[in-house]
Amino acid sequence: MPDDEYREKMMLYFFGESAIILLLFLVGLIIYSNYFDISVVNALLISIVIFLLYITGRYVASGIEYTEVTTDKAYKKY
């Protein structure tokens, strides 16, 4: 986890959101498996990819790497 409190808090939110999405996906997968045959390996791989991609996407999209950049002038320094 990051040393910055804001980053740590946001990362925990991202993990929580991802866990909820993963739960909904798994419930949907249970319903889907009643009608179609899907292997366990594929289901696990898809679940892991969804979890990791969501966290990575949210982290990159939120822009919390540069929290001190608030103006155009400050952005040009980096």
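**Contacts along the chain**

I began with sequence separation in the contacts (heavy atoms within 4.5 Å). Among contacts between residues at least 6 apart in sequence, 63% join residues at least 24 apart. I note that the model is predicted: local features need pLDDT of at least 70, side-chain atom pairs count only at pLDDT 80 or more, and totals for chains, interfaces and linings use all residues. Residue numbers run from 1 along each chain as its sequence is written, and side-chain values use heavy atoms, with hydrogens and water left out.

**Secondary structure and burial**

I looked up the elements next. Helices (H or I, at least four residues) and strands (E, at least two) are DSSP runs, numbered from the N terminus. The chain has 3 helices and 0 strands. Its pattern along the sequence reads α-α-α. I then checked burial, using a 1.4 Å probe and protein chains only: buried is under 20% relative accessible area, exposed is over 50%, and partly exposed lies in between. Of the 78 residues, 14% count as buried.

**H1 against H2**

How do the axes of H1 and H2 cross? I find H1 at residues 5-35 and H2 at residues 40-62, with axes that come within 9 Å and cross at roughly 150°. The axes are lines fitted to C-alpha atoms, for helices over the stretch in contact, and angles run from 0 to 180 degrees between N-to-C directions. H1 and H2 are therefore roughly antiparallel to each other. The classes I used: under 35 degrees is roughly parallel, over 145 roughly antiparallel, 65 to 115 roughly perpendicular, and the rest oblique. The crossing of H1 past H2 is right-handed.

I listed who meets whom. From H1 the contact includes Met11, Phe14, Phe15, Phe25 and Leu29. From H2 it includes Ala43, Ile46, Tyr59 and Ser62. The residues of this contact divide into 16 nonpolar, 3 polar and 2 charged. In this scheme Ala, Val, Leu, Ile, Met, Phe, Trp, Tyr, Cys and Pro count as nonpolar, Asp, Glu, Lys and Arg as charged, and the others, Gly among them, as polar.

**The salt bridge**

I searched for salt bridges (a side-chain nitrogen of Lys or Arg within 4 Å of a carboxyl oxygen of Asp or Glu). The count comes to 1. Which side chains form the salt bridge? They are Arg58 and Glu17, at 3.0 Å, N to O. The pair links distant parts of the chain, with Arg58 in H2 and Glu17 in H1, 41 residues apart. Side chains of opposite charge can pair when their charged atoms come close. Arg58 is partly exposed at 30% relative accessible area. Glu17 is partly exposed too, at 28%.

**Serines and Ile21**

Is Ser18 buried or exposed? Ser18 is buried, with a relative accessible area of 1%. Ser18 lies in H1. Leaving aside neighbours within four places in sequence, I find Ser18 in contact with Phe51, Tyr54 and Ile55. Its C-alpha is separated from that of Leu53 by 9.1 Å, at 35 residues along the chain.

I moved to Ser47, in H2. Ser47 counts as buried at 8% relative accessibility. Not counting residues up to four places away in sequence, Ser47 touches Leu22, Phe25 and Leu26.

Ile21 belongs to H1. I read Ile21 as partly exposed, at 33% relative accessible area. Beyond its neighbours within four places in sequence, Ile21 is in contact with Ile50 and Tyr54. Between Ile21 and Ser47 I noted 9.7 Å, C-alpha to C-alpha, and 26 residues in sequence.

I ended with Ser62, found in H2. At 32% relative accessibility, Ser62 counts as partly exposed. Ser62 and Met10 are 52 residues apart in sequence and 9.2 Å apart in space, C-alpha to C-alpha.

Technical notes:
A crossing is left-handed if the near helix is turned anticlockwise from the far one by less than a right angle, and right-handed if clockwise.
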